[in-house]
Amino acid sequence: MTEYSPTDLAAQLKSGLLSFPVTHFTEDLQFDEEGYRKHLSWLAEYPVAGLFAAGGTGEGFSLNPEETDRVVRAAVDEVAGAVPVLAPATGSTANAVAQAKAAEAAGADGLLLMPPYLTEAGQDGLVEHASRVCEATGLGVIVYSRANAVLRDEAVAQLADRNPTLIGFKDGVGNIEQMTRTYAKVGDRLTYIGGLPTAETFALPLLQLGVSTYSSALFNFAPKWAIEFYDAVRAQDRDEVYRRLNEFVIPYLDIRDRTAGYAVSIVKGGLAAIGRPAGPVRPPLTDLREDEIAELRDLIARIS
Ligand SMILES: O=C([O-])C(=O)C[C@H](O)[C@@H](O)C(=O)[O-]
């Protein structure tokens, strides 16, 4: 059972960078628990404020509920209380509620509510969906606003009023007006997390909009560099942030943007490039080509 009340968890997550580990697969696309645990054990050498198991970078969308449970349990066990572990709640309301309960039983400390798949939905329906998940457990919940579940300021305010366990808003859209409206309306009642693909790209400007931390996919293969980048953002060291954007992030985006879904695949590519392979990505994603991994290796050499 978690030691973090929702309020404690909200404060903890604001205190540092957030880790979104990839999920390791064998060549025949089964969960490679040993590889995953070794990866978490290596990343544990670097200070983060929370670990989100089976998130987007962790290909949570490709896992069945039993696999998600295995990944979450492996993370909880491996991390052993050093940092809070947050688990995903995905898909239909019924599925997300079941996953939330399973995560609480597995000892997770909080939940990241992902968008429901396929259907579009209005704001009232999204509030209902998220509220059901908030009501399902005592865990703190972060709602991920992205894709077919983009929440506007009024809906975020409604959700925060209705659900004391809603602790965070993760933005995957980057709409400046909506972020401004949301922070103006809801203020520090919630913790705001930058969750656009390759979140470092937006970290400095979003800080001005109340977004105090972000989910780092780069942390998977460049943990020291990712922490240093986060420190530069928090210190509002504009020169250093732009130096690092030019040195690494922008050329990395040039590779990432070649194929839809590479925002996740490139993270496994980065791990292959540094000699810590995490196995292939699952369909519908595709792996980077060998020449792209070689390109990425040269890029990573610049920051190692
Ligand atoms: O669920 C996820 O993995 C994310 O949305 C976070 C990613 O880590 C994203 O912020 C990124 O690519 O840096």
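Reader: Which residues in H9 meet Glu240, Val241 and Arg244 in H10?

Author: In this predicted model, helix H9 covers residues 223-234 and helix H10 covers residues 238-256. Glu240, Val241 and Arg244 belong to the H10 side of their contact. The partners on the H9 side are Phe229, Ala232 and Val233.

Reader: How many nonpolar, polar and charged residues has the contact of H9 with H10?

Author: Phe229, Ala232 and Val233 in H9 face Glu240, Val241 and Arg244 in H10. Sorted by class, this contact of H9 with H10 has four nonpolar, no polar and two charged residues.

Reader: At what angle do H9 and H10 pack, and is the crossing left-handed or right-handed?

Author: The axes of H9 and H10 are 8 Å apart, and the angle is about 145 degrees. As for the sense in which H9 passes H10, the crossing is left-handed.

Reader: Which residue in S8 is the bridge partner of Leu18?

Author: S1 and S8 run parallel. Leu18 has its bridge partner in S8, and that residue is Ser215.

Reader: How many residues of strand S6 are buried?

Author: Strand S6 spans residues 166-171 and is mostly covered. A residue is counted as buried if 20 or more other C-beta atoms lie within 10 Å of its own. By this criterion, the number for S6 is six of six.

Reader: Through which helix does the chain cross from S5 to S6?

Author: Strand S5 (residues 140-145) runs parallel to S6, with five bridges between them. Val143 stands opposite Phe169 in S6. The β-α-β crossover from S5 to S6 is right-handed, and its helix, residues 153-162, is H6.

Reader: What is the bridge partner of Asp171 in S7, and which helix lies on the path from S6 to S7?

Author: S6 and strand S7 (residues 191-194) pair in the parallel sense over four bridges. In S7, the partner of Asp171 is Gly194. The chain crosses from S6 to S7 in a right-handed β-α-β crossover, and the helix on this path, residues 176-186, is H7.

Definitions and conventions: Residues are numbered from 1 along each chain as its sequence is written. This is a predicted model: local features need pLDDT of at least 70, side-chain atom pairs count only at pLDDT 80 or more; totals for chains, interfaces and linings use all residues. A residue is buried if 20 or more other C-beta atoms lie within 10 Å of its own, exposed if 12 or fewer, and partly exposed in between; C-beta atoms are placed from the backbone. Helices (H or I, at least four residues) and strands (E, at least two) are DSSP runs, numbered from the N terminus. Two strands pair if DSSP finds at least two bridges between them. A crossover is right-handed if, with the strands pointing away from the viewer, the path from the first strand over the helix to the second runs clockwise. Axes are lines fitted to C-alpha atoms, for helices over the stretch in contact, and angles run from 0 to 180 degrees between N-to-C directions. A crossing is left-handed if the near helix is turned anticlockwise from the far one by less than a right angle, and right-handed if clockwise. Two residues are in contact if their C-beta atoms, placed from the backbone, lie within 7 Å. Ala, Val, Leu, Ile, Met, Phe, Trp, Tyr, Cys and Pro count as nonpolar, Asp, Glu, Lys and Arg as charged, and the others, Gly among them, as polar.
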